[in-house]
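Dear colleague,

Here is the structure I said I would pass on. Please open it alongside this message; my notes come after it.

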Amino acid sequence: METVLKNYDLGKLNIVTIASHSSLQILRGIKRYGLGTVAVAKPGLGWFYRRFSFIDRVIEVDLSNLEQLANDLVKDNSILIPHGSYVEYVGWRRALSMPIPTFGNRYLIEWEADQRKKMRLLEYAGIPIPKSFNEPALVDRPVIVKLSGAKGGRGYFIAKDAADLASKLSGVNVGDDYIIQEYVIGVPAYYHYFGSKVYDRVELFGMDLRYESNVDGRTFNLTEPTFVVVGNIPVVLRESLLPIVQKYGEDFSRAVSELVPPGMIGPYSLESIIKDDLSIVVFEFSGRIVAGTNVYMGVGSPYSVLYFNEPMDMGERIAHEIVNAAKMGKLNEVLT
Ligand code: AMP
């Protein structure tokens, strides 16, 4: 990456992302900072992204061929911004070896893909996590079972006690890997952080609630929840909760610096349940931008004004970091 970057014309940077997830927010923010914008769309989807004048170029390609574009993109001084759909479409192995300088710490994608490693990293950070059960018979409370490879909550199921669990596990294929985790009761809240190399700090940049089809929709207890996210809702927390949310964000960043060099760069998220006693249990992280940041597209999150005295969305925040890192001669520090 360092050698590739040496040949880059920093006055002509292009920012590339996969046309999905948070790409509109990212590319709009990037264009406001004067950089070039490229959307790589799945076949049949390009027409939608061509509707937006802030996207300079839409490339339509089967994403199994993304690597074939790499040479041209690198010649065009491109930086790739990863997001949830990128990780889902290309998978962690390809993401690790994608020959395009990537904003953020791409090595985290591997940790994120593995439920056990993911929980280990949170535990190492000293952040409270749900209790795990290795032995189904020892389950003494409601649990959620997470099959590995489950996406966006699809493939999870809940069981109210050990007997319910035993009956539901009998339907799981032998050899399927899964974790059994305490089902924490409370409000699911997702925190958006930004790890800045330019300012050497962790910013608490926003938060959202998820709206999940048959958890929050009109289900009248008629169906089992599958946790499929259909949208996100902006939220602000009681101010008294902010110090602990900030602390967990910083603890996580420190743990990443120690276990997954070069540490936390750019947007990331901790996903939590806030319990009735107002304690916070974190069940998941995302080491890149989360789609919940889209709720602040164009308007900025209320927390962003605390750092910049003006509202900023996560796309603009990424652009601000890239432009300033380039000016300071430390673009290499925000890319992997
Ligand atoms: P995830 O795919 O890990 O983001 O989880 C999907 C959804 O499952 C979350 O939005 C929560 O509603 C729910 N969930 C996951 N883990 C837990 C847990 N340990 N306790 C309660 N709810 C959970």
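The notes below cover the domains and the interface between two of them.

Please keep in mind that this is a predicted model. The protein is divided into three parts: domain 1 covers 2–104, domain 2 is made of 112–128 + 185–333, and domain 3 spans 132–182.

I looked at how domain 1 meets domain 2. Their centres, taken over C-alpha atoms, lie 22 Å apart. On the domain 1 side 25 residues take part in the contact, and on the domain 2 side 27 residues do. Together the two domains bury about 2100 Å², and carbon and sulfur atoms account for 72% of that.

Three salt bridges are counted between domain 1 and domain 2. Elsewhere in my notes I have the side chains of Arg-28 and Glu-316 in a salt bridge, at 3.5 Å from N to O. Eight residue pairs are in polar contact across the interface of domain 1 and domain 2.

As for which elements of domain 1 touch domain 2, helix H1 (2–6), helix H2 (23–32) and helix H5 (84–97) each supply at least two residues. H2 gives the most, with seven residues. By type, the residues on this side of domain 1 are 15 nonpolar, seven polar and three charged.

Best regards

Notes. Residues are numbered from 1 along each chain as its sequence is written. This is a predicted model: local features need pLDDT of at least 70, side-chain atom pairs count only at pLDDT 80 or more; totals for chains, interfaces and linings use all residues. Side-chain values use heavy atoms; hydrogens and water are left out. Domain bounds come from an automatic or database domain assignment. Contact means heavy atoms within 4.5 Å. Buried area is the accessible area (1.4 Å probe) that two parts lose on being put together, summed over both. A salt bridge is a side-chain nitrogen of Lys or Arg within 4 Å of a carboxyl oxygen of Asp or Glu. A polar contact is a pair of N or O atoms within 3.5 Å; within protein, one must be able to donate a hydrogen and the other to accept it, and residues adjacent in sequence count only if both atoms are side-chain atoms. Helices (H or I, at least four residues) and strands (E, at least two) are DSSP runs, numbered from the N terminus. Ala, Val, Leu, Ile, Met, Phe, Trp, Tyr, Cys and Pro count as nonpolar, Asp, Glu, Lys and Arg as charged, and the others, Gly among them, as polar.
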